[in-house]
Structures are given as C-alpha cells and as structure tokens.
Amino acid sequence: NPLPVPTITRPASVCLNSTGNVYTTEAGMSGYVWTVSGGTITAGSGTNAITVTWTGTGAQTVSVTYANGNGCSPAAPTDYTVTVNPLPVPTITGPASVCLNSTGNVYTTEAGMSGYVWTVSGGTITAGSGTNAITVTWTGTGAQTVSVTYANGNGCSPAAPTDYTVTVNPLPVPTITG
C-alpha cells in the first residue's frame with residue numbers, strides 16, 4: 001500500500017493572539033498527532049481538526065501525521081506554513097496642549113487602514129469619524145485623551161487602543177484694576 005500524504009486546510013495568515021483558528025486533515029484515520037510551532041492547540045488533539053491560538057509572530061507551522069485505513073503512516077508529517085502577523089500599534093499626532101473651547105484641533109493616525117474607531121474624553125469630534133484624521137473641539141479642562149484603534153492590511157487590530165494625552169488649558173480671566 002502506498003503511504004498516505006496528509007493535507008492540512010485553513011487559515012494561512014492570522015493575527016498574533018488570535019483564537020479559534022481551525023486546521024483540518026482527512027477524517028476517518030487513526031492516531032492523529034498534531035504539532036504547532038508558535039502557538040497552542042486549544043482543542044481537538046487526537047482528532048482530524050484542531051483549534052489553535054497563535055502566540056508567536058512570523059512563519060509558524062502546523063504539522064500532522066496519522067495512520068490510514070491500511071495502518072500505513074506517512075514517511076514524514078505534513079507541514080503547513082502559517083504567517084502570524086504582529087498586532088499594529090497606532091500612533092497619534094496632533095496638538096498636545098490646547099485651550100478650552102478651541103476648535104479645529106486635528107489628530108491623525110496611520111492612513112490606509114480600516115475600521116477606524118476614535119474616542120475623545122473632554123471634547124467632541126466635529127469631523128473625520130471613521131477616517132484616519134479627526135477634528136476636535138475641546139470642552140473640558142485638564143488632562144484629556146484621544147484614543148484610536150483600527151484594523152491593518154492583514155486584518156489585525158491592536159491589543160488595545162492607543163491613547164494620546166492632551167492638556168486642555170483653562171481660558172485666562174483678565175482682571176482690571178484702577
């Protein structure tokens with residue numbers, strides 16, 4: 001009998017720390033042995049389908065071997081290469097010190113991403129929601145924040161939004177003496 005050659009299917013490109021990544025091989029075999037580099041098998045060991053959480057970046061592998069119905073095993077395990085993409089870390093640029101009630105304050109992050117979500121404490125976004133640049137009117141004094149998250153070209157999102165601290169200075173109150 002010829003030796004079997006297992007096949008492995010499913011995601012070839014994933015994000016760091018992604019969970020629920022299912023890899024399958026032929027059903028109906030026996031003695032399934034899976035190995036994973038740069039990740040952890042979280043379900044399915046000993047079956048034809050495993051679930052993996054990826055914890056290392058770069059080129060990683062999923063390997064499998066089994067015995068077919070004739071009791072034959074492959075000459076070597078089948079390796080499947082998976083690219084584990086790092087999570088992006090957005091940057092924010094814009095004025096770090098502003099005056100209360102100031103308008104037209106523009107904050108930007110990397111262009112070309114998708115799903116931009118901005119949040120602002122102590123102010124109101126007046127333009128640009130859903131884009132890589134927002135305009136803010138500051139309505140609260142003291143330390144305030146601008147935060148952003150998005151998905152990069154690989155579909156990966158940051159582990160947490162990036163926060164940018166903005167000092168909103170109170171308006172001066174002139175006094176007149178005479």
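Mentor: Strands themselves are DSSP runs (E, at least two residues), and helices are H or I runs of at least four, numbered from the N terminus. Keep in mind that this is a predicted model: local features need pLDDT of at least 70, side-chain atom pairs count only at pLDDT 80 or more, and totals for chains, interfaces and linings use all residues. Residues are numbered from 1 along each chain as its sequence is written, and side-chain values use heavy atoms, with hydrogens and water left out.

Trainee: OK, what is the strand order in the open sheet of three strands?
Mentor: The order is β2-β5-β4, and the pairing is antiparallel. β2 (21-24) and β4 (39-43) are the edge strands, each pairing on one side only. On average, neighbouring strands there are turned by 40° against each other, direction ignored; the axes are lines fitted to C-alpha atoms, for helices over the stretch in contact, with angles from 0 to 180 degrees between N-to-C directions.

Trainee: How many bridges hold β4 and β5 together?
Mentor: Four, in the antiparallel sense, with β5 covering residues 49-54. Thr40 stands opposite Thr53 of β5.

Trainee: Switching topic: how many disulfides turn up in the whole structure?
Mentor: One (a pair of cysteine sulfur atoms within 2.5 Å counts). Cys15 is joined to Cys156, S to S 2.1 Å. Cys15 lies in strand β1 (residues 13-15) and Cys156 in the loop between β13 (142-151) and β14 (162-169), so the bond ties together parts that are 141 residues apart in sequence.

Trainee: What's the handedness of the Cys15 and Cys156 link? And are these two buried or exposed?
Mentor: The link is left-handed, with -100° about the S-S bond. Both Cys15 and Cys156 are buried, where buried means under 20% relative accessible area, exposed over 50% and partly exposed in between (1.4 Å probe, protein chains only).

Trainee: Why does Cys72 count as buried?
Mentor: Because its relative accessibility is 15%. Cys99, by contrast, has a relative accessible area of 42%, so Cys99 is partly exposed.

Trainee: Back to strands. What does β14 pair with?
Mentor: β13 is one partner, antiparallel to β14 over seven bridges, with Ala143 facing Thr167. Strand β8 (residues 97-99) runs parallel to β14 and is joined by three bridges; Val98 has Val168 as its bridge partner.

Trainee: Which β14 side chains point to the buried face?
Mentor: Thr162, Tyr164, Val166 and Val168 point to one face and are buried.

Trainee: Last one: what does Pro11 touch?
Mentor: Leaving out residues up to four places away in sequence, Pro11 touches Asn21, Val22, Tyr23, Tyr80 and Val82 (contact means heavy atoms within 4.5 Å). Pro11 is in the segment before β1. Between Pro11 and Val82 there are 71 residues of sequence separation and 7.3 Å in space, C-alpha to C-alpha.

Conventions:
Pairing = 2+ DSSP bridges.
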